[in-house]
Structures are given as structure tokens and as C-alpha cells.
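Subject: Structure for you to look at

Hello,

I am passing on the structure we talked about. My notes on the core and the salt bridges follow it.

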Amino acid sequence: MRVRSLPNIIMMLLGLLVLAAPAAAQTADSGGAQPTAASGGLEYGAQDPSLTPLVAGSVAKLQADGLAAAPVDAPPEVQQAIWAANKIIGLPYVYGGGHGNFRSRGYDCSGTVSFALHGANLLRTPLDSGSFMRWGLAGKGSWFTVFTNPGHAFAVIAGLRLDTSPAGDRGGLHGPRWRPVLRSTQGFKARHPLGF
């Protein structure tokens with residue numbers, strides 16, 4: 001039997017910890033629970049400067065490239081959600097997309113909202129639109145509002161709509177996008193995370 005050196009054993013153990021950490025984070029979400037320490041949006045592309053634009057004030061701004069600039073006056077969680085969502089903007093609509101481990105070649109409506117909230121460390125596991133009806137707290141939030149019904153979900157984050165549906169958007173493109181105008185919220189329940 002060959003004995004491994006101590007540095008090799010330590011490296012193997014660290015590698016196992018890195019692999020086990022995401023699985024440990026995929027626990028049931030209580031909806032209104034306070035976030036736990038995690039990488040948040042950094043894990044999902046917020047480290048890329050092209051995905052992390054800022055704008056003065058407290059309202060997000062849609063840029064010409066289709067990405068959103070996060071407001072400098074927003075809490076870090078709001079900025080992280082916007083920057084995480086920027087990572088998936090322009091990907092195709094894929095039914096069920098984003099519901100495995102948040103990563104997908106495309107996203108559906110609730111997968112898109114889940115991805116942004118996970119980027120802010122406000123959601124541990126992806127939710128479908130029906131589950132969002134019971135998530136968080138009832139009503140509009142000051143920074144995040146998820147509008148949901150059994151068949152569709154979209155979010156308004158710092159005043160900007162994140163949606164896979166082109167409703168109200170002349171561009172007519174489906175899939176995860178920041179939309180330039182709000183849409184009707186009739187028939188939707190408004191939910192928001194605790195503290196936001």
C-alpha cells in the first residue's frame with residue numbers, strides 16, 4: 001500500500017469540501033429566511049465587470065446592451081440579484097430551465113426569478129411559479145417584488161422588470177430579459193423577501 005504525502009491528502013480533502021459545499025447549500029428554502037453566508041451573485045458571474053454596471057440613485061436602469069445597471073443606493077443583495085440576472089440575459093426560454101442546480105442552457109420564468117434571487121443569496125433552491133405564491137411575504141417589497149400565479153412568475157427588482165414574457169415589450173423576444181416597461185399584474189400575487 002502506498003502512503004500519500006500530507007500535502008496531497010490536504011489537497012484531496014479541500015477538493016472534496018469544494019464539491020460538497022454546493023450540495024449542502026441545496027436545502028429546502030423557508031421563503032422568508034435570512035440569507036446565510038455564501039458567494040451570492042459572485043458565483044453566477046457578478047465578478048465579470050461587464051455584468052456589474054452601476055447607476056446613480058435607487059432605481060435600476062436598462063442599458064442599450066440589454067443588461068441592467070444596479071443602483072448605487074441599493075442594498076448589496078439588490079445589486080447582486082441584478083448582476084446575477086445579467087449573466088443569463090438573452091439566453092433562450094427553456095421550459096424547466098434553471099430548476100436543477102440553477103445552471104441551464106436556457107431558463108423558464110420561475111427559473112429566471114430563482115436565478116436572480118439565488119444570486120442575492122435570498123433563495124437556496126429553485127422554485128416554480130406555484131411555489132412562489134407561498135414564498136416570502138405577501139405584498140410588494142421595497143426592492144424586490146415577485147409577481148406570480150400558477151402559470152407564470154416575473155420580478156421587479158429596483159424598479160426594473162425581469163421577465164421571460166415579452167408582454168408589454170415591443171421587442172417581442174422570449175427568454176430572460178430586463179424589460180423596458182412594466183406589464184399588467186392583474187391575476188398575479190405579489191410576494192417579496194423579508195427585509196426587502
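Are Arg179 and Asp169 buried or exposed? Both residues are buried. Please keep in mind that this is a predicted model.

Arg179 and Asp169 form a salt bridge, with 3.0 Å between the closest N and O atoms. The pair links distant parts of the chain, ten residues apart: Arg179 is in strand β8, and Asp169 is in the loop between β7 and β8.

The count of salt bridges comes to three. In it, Arg161 pairs with Asp163 at 3.0 Å between the closest N and O atoms, and the side chain of Arg183 meets that of Asp163 at 3.2 Å, N to O. Because Arg183 lies in the loop between β8 (177–179) and β9 (189–192) while Asp163 is in strand β7, this pair ties together parts that are 20 residues apart in sequence. Asp163 has a relative accessible area of 1% and is buried; Arg161 is buried too.

On the nonpolar side, the largest core has 32 residues, and the members that touch the most others are Val78, Ile82, Leu117, Phe132, Phe144, Ile157 and Trp178. Two or more residues each come from β3 (68–71), α2 (76–86), α3 (109–119), β5 (144–149), β6 (152–157) and β7 (160–163). The largest contribution, five residues, is from α2.

Regards

How values were computed
Residues are numbered from 1 along each chain as its sequence is written. This is a predicted model: local features need pLDDT of at least 70, side-chain atom pairs count only at pLDDT 80 or more; totals for chains, interfaces and linings use all residues. Side-chain values use heavy atoms; hydrogens and water are left out. A nonpolar core is a set of buried Ala, Val, Leu, Ile, Met, Phe, Trp, Tyr and Cys residues joined through side-chain atoms within 4.5 Å. Buried means under 20% relative accessible area, exposed over 50%, partly exposed in between (1.4 Å probe, protein chains only). Helices (H or I, at least four residues) and strands (E, at least two) are DSSP runs, numbered from the N terminus. A salt bridge is a side-chain nitrogen of Lys or Arg within 4 Å of a carboxyl oxygen of Asp or Glu.
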